[in-house]
Amino acid sequence: MSNQKKRNFQIEAFKHRVVVDPKYAEKTWKILEHAIHEIYNHNASGLSFEELYRNAYNMVLHKFGDKLYSGLVTTMTSHLKEISKSIEDAQGGLFLEELNRKWNDHNKALQMIRDILMYMDRTYIPSSQKTPVHELGLNLWRDSIIHSSKIQTRLLNTLLELVRRERTGEVINRGLMRNLIKMLMDLGSSVYEEDFERPFLEVSAEFYGAESQNFIECCDCGDYLKKAERRLNEEMERVTHYLDTKSETKITSVVEKEMIANHMMRLIHMENSGLVNMLLDDKYEDMGRMYALFRRVPNGLLKIREVMTSHIRETGKQLVTDLERLKDPVEFVQRLLDEKDKYDSIINLSFNNDKTFQNALNSSFEYFINLNPRSPEFISLFVDDKLRKGLKGVSEEDVEVILDKVMMLFRYLQEKDVFEKYYKQHLAKRLLSGKTVSDDAERSLIVKLKTECGYQFTSKLEGMFTDMKTSQDTMQGFYTGHPELEDGPTLTVQVLTTGSWPTQPTITCNLPAEMSTLCERFRAYYLGTHTGRRLSWQTNMGTADMKAIFGKGQKHELNVSTYQMCVLMLFNNADRLNYKEIEQATEIPASDLKRCLQSMACVKGKNVLRKEPMSKDISEDDAFFVNDKFTSKFYKVKIGTVVAQKESEPEKQETRQRVEEDRKPQIEAAIVRIMKSRRQLDHNNIIAEVTKQLQSRFLANPTEIKKRIESLIERDFLERDNNDRRLYRYLA
C-alpha cells in the first residue's frame with residue numbers, strides 16, 4: 001500500500017465584508033439590557049427568549065462581545081445595589097427572609113440571563129479569558145451583597161445568634177438556615193469558611209468551654225458524660241440539617257477538646273463518681289459512655305487503661321496478701337475467678353472488647369497472682385475441691401467452663417512446674433481414695449494442660465490413670481488364681497509406677513497379722529507374674545473398711561485409713577492401751593499416729609475411742625479405750641484423719657526443694673540446646689535465652705542459671721574464653 005500524503009482541510013470565514021449599521025451594537029444592547037431589567041423585575045413572561053438569544057448571538061458574531069459582557073456587568077451590579085439596599089432595610093427576623101428571597105430571585109434571573117447569553121458563554125468568554133456568566137453572577141452577589149459593609153457582620157451575627165438559641169433549647173427555622181448556609185457554600189468554599197465557619201468554631205469553643213466548666217462544678221462524672229454525649233450528638237445533627245458535611249470533624253473536635261480533653265483527668269479521678277467508682281459499682285453504661293467519648297481524644301483510652309490497670313493491680317494485691325483470705329484456698333481462687341469474670345464483663349460490655357484493655361487485664365492478673373508464692377498450690381487445691389465434690393450434678397458444659405477458667409489462671413502462673421507438683425499430689429490422692437467426681441473431667445483437664453504445656457508436662461499424669469486401670473486387672477487375676485481367699489478379709493492393691501506418682505517416703509508400719517499374710521500372698525503372686533520388679537508398701541496412703549460392734553451391740557461399718565485400722569485392731573486383744581504401747585505395737589511415725597488418734601478420740605460424732613485425760617490434743621501420757629457408748633445415725637461411718645488442707649511449713653519447704661531439684665536438669669538442657677546452635681555466646685545473652693525458653697514452665701533464677709553453667713563447664717560441656725571470661729564456647 002502506497003504511503004499517501006495526508007491532507008488537512010480547513011473552513012475559512014467568508015472573505016466578503018458585511019456592512020453593519022454603525023448604531024447596530026447600541027440598539028441591540030438596549031434590547032438585551034431592557035430584557036435583563038424585565039427579568040429582575042419579574043416581567044420575563046412577555047419576552048421572546050429566541051429573539052433575545054439571536055440578538056446576543058449576532059452581537060458576539062459581529063465582534064461586539066466585549067460591549068455585551070461589560071454591559072452585563074454594569075446592569076447586574078446596578079440591580080444588586082438596589083437589592084442590597086432592600087436587604088439592609090429589612091428589620092429583625094425579616095432580614096434573613098429577605099436575603100433568602102432575593103438570593104432565590106437572583107438565581108432564577110441568572111439562569112435566564114445565562115440561557116440568553118449562552119453563545120457568548122461558549123465562544124467569547126473562553127477566548128477572552130473572562131468569568132462565565134453564572135460564576136460572574138455569584139461573584140457580583142458576593143461582592144455587592146455578602147461583603148457589603150452593612151450586611152456582612154449583621155449576617156454573621158444573626159446566623160451565630162440562631163445557633164446559640166438552638167443550643168439553649170429554642171426551636172429555629174432550620175430550613176431558612178440551610179438555604180443561607182448553602183448560599184455561602186455556593187459562593188465558594190472560602191466564603192463559607194471565612195464568613196461563617198471560622199467564627200462559628202471560635203464562638204462554639206467559647207460556648208462549650210464555659211458550659212463544660214459549669215457542668216464539671218455541679219455534676220458527677222456519669223451525668224457530665226451524658227451531657228457531653230448529648231452535645232456531641234446535637235452538633236452532628238446540626239451538621240446534617242444545615243451545615244457543610246466537611247464541618248462535622250471540625251465542630252466535633254471543638255466539643256471533644258472543650259468538654260472531654262480539657263477535663264479528662266478530673267473526670268477519671270472525680271471523687272465518688274470517677275472511673276474507680278464505676279469499676280467498683282459495675283456501672284457498665286457510664287463506663288461505655290466514657291470509653292466512647294474518650295476514644296475520640298488523644299490518649300483518652302490510654303488514661304482509662306492506666307487507671308483501670310492501677311486499680312486492678314491494687315485490689316488484686318490486697319486480695320493475694322490478705323492473710324484472712326489466704327486461710328481458705330478454695331475461696332481465694334474463687335475470688336480471683338469472680339474478679340476476672342467481673343472485668344471480662346466490663347471489657348466486653350463497656351470497652352467494646354478492646355484487645356488493649358484485655359491485654360492490660362491479663363498483665364495485671366499475672367502481676368498480682370505471682371505476688372503470692374502459694375498461688376500454684378491454691379489453684380491446684382481449688383481444682384481438687386471441684387473434682388472431689390464441687391462438680392456433682394453439674395452439666396458437662398458447665399464443667400468445661402470451670403476447667404477453662406482454671407486454665408486461664410494457670411496461664412498467669414510464672415511457676416507452672418510448682419502447680420504441676422501440687423496437682424500431681426492432689427490427683428494421686430483423688431485417684432487412690434476413689435474420690436474423683438468424674439474421670440471425664442479429670443482427663444479433660446489433662447488434655448487442656450497438654451495443649452498448653454506439651455506432652456512432657458502431662459505424660460506422668462496419664463501414667464497414673466494407666467496404673468489405676470492395670471491395678472484393676474491385676475486384682476481380678478489375683479482373686480481368680482486364689483479362690484480360697486474369698487472368705488477372709490478382702491484386699492485391694494493399687495500398684496503404682498514409681499516414676500509416674502509423687503514420690504512418697506516408704507514408711508513401714510506393723511499391719512495386723514490377718515492383713516500381713518494376705519499382703520505377702522499378693523506380693524508372691526505379683527512378683528511371680530512380673531519379673532524384675534520390686535514392691536514396697538505405701539501404708540500411709542491406704543484405707544480400710546471395718547465392721548465394729550460397740551457396747552450395747554450396735555453395729556457399724558467404719559471407713560478408716562490403714563493407720564487407723566492398725567490402731568483399732570489392737571483393741572480386739574486389749575481393753576485399754578496407752579500412747580507408748582500403741583506406738584510400739586504399730587510403729588506408726590509419731591506425727592501421723594497423733595493425728596490418727598486425734599481423729600478417732602477427739603472429733604465429735606466420730607469418737608470411736610475415748611482417752612484420758614480428755615483434751616483436744618494428744619500427748620504421750622494419754623491412755624485410750626473403746627468408746628462403748630459410741631452411736632451414729634448412719635450405719636457407715638467415715639472417720640477422716642485430722643489434717644490441714646494446706647501444707648505445713650516443713651512440707652512446703654520440702655515441695656519447694658523438690659521443685660528446685662527438678663529445675664536443674666531443665667536449665668542445663670536449655671543451656672546445652674542454646675549453646676549447641678550458637679556455638680559461642682556471652683553470659684548475659686545465655687541468661688536471656690534460657691529465661692525465654694523456660695518461661696512457659698517457670699521463671700528461671702539467674703543465679704541458678706549461673707550455677708548450672710559452672711556445672712556444665714566442670715563436666716566439659718562448655719568452656720570459658722581465655723581472654724573474655726564472660727564468653728562461653730560449646731564443646732562438641
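E82 counts as exposed in this predicted model, at 55% relative accessibility, a value over the 50% cut-off for that class. The residue belongs to helix α3, which covers residues 65–89. Between the C-alpha atoms of E82 and Q584 there is a separation of 129 Å, and the two residues stand 502 positions apart along the chain.

**Buried positions**

Two other residues fall on the opposite side of the accessibility scale. N372 has a relative accessible area of 5% and is therefore buried. N372 sits in the loop that links α17 (355–369) with α18 (375–390). Leaving aside residues up to four places away in sequence, N372 is in contact with V320, L326, F332 and F378. T309 is placed in helix α15, residues 300–321. With 16% relative accessibility, T309 is also classed as buried, because the limit for this class is under 20%. Beyond residues up to four places away in sequence, T309 touches A360 and S364.

**Salt bridges**

Side chains of opposite charge can pair when their charged atoms come close. The structure contains 49 salt bridges.

| Acidic residue | Basic residue | Closest N and O atoms |
| E170 | R165 | 3.1 Å |
| E620 | K580 | 3.1 Å |
| E710 | R720 | 2.6 Å |

E620 pairs with K580 in a salt bridge. Here E620 is found in the loop between β4 (609–612) and β5 (623–626), while K580 is in helix α25 (residues 579–586), so this pair ties together parts of the chain 40 residues apart in sequence. Both partners are partly exposed: E620 has 38% relative accessibility, and K580 has a relative accessible area of 44%.

E710 is bridged to R720. Helix α29 (residues 702–714) holds E710 and strand β8 (residues 718–720) holds R720, so the pair ties together parts that lie 10 residues apart in sequence. E710 is partly exposed, with a relative accessible area of 27%. Elsewhere, salt bridges with shared partners connect E166, R167, R174, E235, E237 and R238 into one network.

In the pair formed by E170 and R165, E170 is partly exposed at 37% relative accessibility. R165 is likewise partly exposed, its relative accessible area being 29%.

**A negative surface patch**

On the surface, E396, E397, D398, D439 and D440 gather in a patch of negative charge. The elements giving two or more residues to this patch are α19 (396–412) and α21 (439–453). Helix α19 supplies the largest share, three residues. D439 is part of helix α21 and, at 42% relative accessibility, counts as partly exposed.

**Positive phi angles**

Most residues other than glycine have a negative phi. D282, which is not a glycine, has a positive phi near 55 degrees. D282 is located in the loop between α13 (275–280) and α14 (284–294). With 33% relative accessibility, D282 is partly exposed. R679 is also a residue other than glycine with a positive phi, in this case about 70 degrees. The loop between α27 (649–678) and β7 (680–682) contains R679, and R679 is partly exposed with a relative accessible area of 42%.

Definitions and conventions:
Residues numbered from 1 in each chain as written. Predicted model: local features only at pLDDT ≥ 70, side-chain atom pairs only at ≥ 80, totals over all residues. Heavy atoms only, no water. Patch = residues over 30% accessible without salt bridge, like charges linked within 9 Å, V, L, I, M, F, W, Y side chains within 5 Å. Areas by Shrake-Rupley, 256 points an atom, 1.4 Å probe, with all protein chains shown as cover. Salt bridge = Lys/Arg side-chain N within 4 Å of Asp/Glu carboxyl O. Lys, Arg positive; Asp, Glu negative; His and termini not counted. Charge placed at Lys NZ, Arg CZ, Asp CG, Glu CD. Helix = DSSP H or I, 4+ residues; strand = E, 2+ residues; numbered from the N terminus. Buried < 20%, exposed > 50% of the residue type's maximum accessible area, 1.4 Å probe, protein only. Contact = heavy atoms within 4.5 Å.
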